[in-house]
Amino acid sequence: MPLGNLADICSSFAAHFHWHDSRIAMDPEGSRIQDDPDIKVMMAGSTLRKVKSRSWKKQRHFRLLEDGLTIWYKSRWAGKGHTTMSIAEVDAVREGHQSELLLSVAEEFPADLCFTLVFHGRQGNLDLVAESPEEARAWVQGVRKLIHKVQTMDEKERLDQWVWDWFLKADKNKDGKMNFKEVRKLLKMMNVEMNEDHALHLFTMADKSDSGSLEIEQFVHFYKMLTQRDEVWKVFQDYSGDGEKLLLEELENFLTLEQQEGQKITQHARGLIHRYEPSESAKKQGAMSFDGFQMYLCSQEGSVFKPEHRDLHQDMSQPLSHYFISSSHNTYLMEDQLRGQSSLEAYIQALKRGCRCVEVDCWDGSDGEPVVYHGHTWTSKILFKDVISTLKEYAFKASDFPVILSLENHCGVEQQAVMAQHLRQILGDTLLTTLLDGQVPQQLPSPQELKGKVLLKAKKIGGLEECLDENLMDEVSDDEDTSNGDGECCMSTEDTPAEGLNHDAKHSKSKLSRLLSDLVLYCKSVHFHGFEHARSHGKSYEMSSLGESKAKKLAKEAGTDFVQYNSRQLTRVYPSGLRTDSSNYNPQDMWNVGCQIVALNFQKAGLEMDLNDGLFRQNVCCGFVLKPDFMRDGSTQFNPEKPEEWQGYKPLRLSIQVISGQQLPKVNQKEGSIVDPLVRVEIYGVPQDQAKEETLHINNNGFNPVWNETLNFFIHTPELALVRFVVEDHDKTSRNDFMGQFTLPFTSIQTGYRHIHLLSKDGMAIPPSSLFVNIRIHEIDLTSQI
């Protein structure tokens with residue numbers, strides 16, 4: 001969750017600012033966290049062994065800095081550089097041999113000395129070994145306490161921390177003060193090009209003691225002047241009668257006219273005053289000061305994303321085919337498809353991001369244990385049973401709703417039986433092994449009914465109707481199914497027959513273990529024979545996997561048929577085998593026709609994963625999003641190629657005034673570099689909705705650039721549209737550099753004056769970077785268009 005625009009809060013909240021002498025915030029019980037014995041160990045410092053491989057294990061000195069939220073470490077040898085990391089970057093701490101790397105050196109380092117720091121996003125783990133069990137325990141418990149502190153900080157504490165971070169960066173000689181030379185460097189670090197005379201003027205005004213330097217309280221005053229938000233002040237003045245505060249009725253007017261929040265408006269206004277107004281006297285008057293107004297606009301309630309859409313707000317009792325499902329391709333890979341590392345961490349990261357369909361490519365192992373890797377490539381191998389153990393532990397930490405295990409089976413019958421045994425023994429009751437009500441379904445069960453369950457997607461001997469027939473042959477014809485699951489290998493199955501397959505010149509059958517087949521219930525893999533065949537012969541529990549090219553061709557040529565088909569049955573789409581660099585296709589093309597399982601390479605950051613994260617950001621990031629009603633109707637006539645012909649066609653006009661930016665991230669970390677930012681708004685949806693518009697760039701100002709430009713869009717199918725806000729550093733001679741983005745469904749947009757809290761390329765929050773916009777959405781009178 002983005003932390004909010006703390007710099008903005010700082011500018012108005014400085015008058016109420018109180019700095020803790022300890023530099024570390026108080027815990028809920030009121031005692032200082034620095035008095036905690038584990039934190040004391042961390043602040044004193046420890047020599048820990050950093051493990052990067054089985055052969056690279058070197059000692060480094062680690063300690064917690066005085067701010068209480070930054071870990072500093074360096075080599076023991078003098079002259080080497082140091083590294084810092086923020087506790088905010090750390091997602092979790094694992095004790096003992098809970099990483100593949102530490103497990104591989106388990107004989108050398110006992111479990112009670114080992115621990116792993118796990119970071120948010122795609123950043124690799126940090127495996128560490130302490131010199132004593134007591135020291136390891138202190139670091140594990142201490143980091144966990146600090147993670148909890150970061151997660152439970154209120155806005156005041158976050159403000160304290162943010163200002164202290166900048167003070168530390170600027171105070172180069174560590175004397176607790178900043179002279180003007182250090183302030184000038186600070187401005188460069190903060191991404192702003194400022195006239196030196198103006199900077200000196202602000203410095204002199206803040207230097208109340210005329211000492212030629214600023215202490216922390218004076219620095220806060222300096223920062224307040226530096227972060228003056230004139231554009232927010234103007235909005236406040238438009239609705240304030242006396243220019244000092246918003247009375248309850250004035251705040252109601254603002255919320256109604258600008259924010260278009262019309263329900264229970266008096267109750268809502270009072271709630272905002274209670275939550276964001278720092279002045280007790282203003283609260284008693286039922287009024288909101290400029291401080292409180294700015295804090296509200298910078299909060300999650302003032303953000304572009306509807307707060308109620310962050311919660312579980314959709315109906316979860318409809319058939320699985322009625323949902324988009326967050327899905328991963330070749331989930332085991334950390335990098336590319338040819339030489340990349342296969343890792344359990346890849347499964348952990350995908351599941352933590354809300355992925356609900358993971359893929360496992362299984363091959364016969366040399367010692368009787370099935371292995372997982374990308375066949376016919378140089379990718380490394382991991383054990384199938386370790387993948388299932390990882391699934392057992394992490395499947396339901398981010399979401400309670402079901403996980404589909406998409407099995408690409410290349411194993412012989414013997415190791416298929418081993419796979420079935422591991423699935424049953426490791427997953428236990430978590431694995432769905434019987435029909436929910438004992439009846440063959442006419443439609444798929446719902447996510448609600450399948451909560452906490454793992455479903456196996458694979459080939460099956462016969463159908464659910466015949467599952468008790470012991471006379472069935474243990475063979476699956478290629479007429480029913482593809483010869484190796486989904487046919488996803490880089491080399492085609494026609495050229496390289498998978499192990500365990502008996503090939504005939506005219507006909508091909510694959511031997512399938514009954515033990516494995518019996519575990520397949522609602523997700524039977526079948527070959528796709530066309531929409532007409534599916535209408536007359538298809539079963540709700542049968543699903544097909546299509547390569548991106550075939551799926552895109554069907555979407556263009558038979559959009560309505562595809563939408564109707566996907567209202568009844570599941571479709572999985574996967575990237576082309578030619579994408580050896582783990583690049584992704586645009587998932588929007590597949591969502592437009594209702595494909596549910598649109599599998600992407602989660603390890604590859606970029607536009608496509610931004611869209612995936614944007615779609616699944618709603619509904620508490622549970623990995624399931626209910627499709628629009630016109631995609632759930634089996635007789636629908638909706639065609640994404642011709643949305644205007646659909647009887648429910650209701651286009652909208654989207655108008656976005658890009659007002660300003662706040663503390664945009666630096667691209668080039670060189671001290672003197674300043675960005676030239678521009679904002680681009682991109683629309684993704686049905687083909688007619690694909691559009692991009694951008695502002696001009698602002699020279700040399702990433703700190704508080706002001707655009708005041710309006711971008712307009714015509715949205716034909718709002719229910720399917722995604723809106724992506726992108727900030728780039730303009731470059732005249734080469735491609736612009738990416739700075740930050742935020743993507744969300746059109747239906748989740750809050751209108752009015754809003755802040756957009758930017759995310760990194762990796763999808764992580766980068767506070768306090770944000771955009772300030774004013775959004776308007778209007779219905780279009782179609783009669784006037786005729």
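A residue counts as buried when its relative accessible area is under 20%, and as exposed when that area is over 50%. Keep this in mind as you work through the exercises on this predicted model.

**Exercise 1.** Decide whether L126 is buried or exposed, and find out what surrounds this residue.

*Solution.* 
- Step 1: Locate the residue. L126 belongs to strand β7, which covers residues 126–129.
- Step 2: Look at its relative accessible area, which is 7%. The cut-off for buried is under 20%, so L126 is buried.
- Step 3: List the neighbours. Leaving out residues up to four places away in sequence, L126 touches K50, F62, M85, F115, T116, L117 and F119.
- Step 4: Pick one of these partners, K50. In sequence, K50 and L126 are 76 residues apart, yet their C-alpha atoms are 7.4 Å apart in space.

**Exercise 2.** Explain why helix α23 can be called largely enclosed by the rest of the structure.

*Solution.* 
- Step 1: Find the helix at residues 607–615, nine residues in total.
- Step 2: Pick out its buried residues: M609, D610, L611, N612, D613, G614 and L615.
- Step 3: Draw the conclusion. Seven of the nine residues are buried, so α23 is largely enclosed by the rest of the structure.

Note on methods. Residues numbered from 1 in each chain as written. Predicted model: local features only at pLDDT ≥ 70, side-chain atom pairs only at ≥ 80, totals over all residues. Heavy atoms only, no water. Buried < 20%, exposed > 50% of the residue type's maximum accessible area, 1.4 Å probe, protein only. Helix = DSSP H or I, 4+ residues; strand = E, 2+ residues; numbered from the N terminus. Contact = heavy atoms within 4.5 Å.
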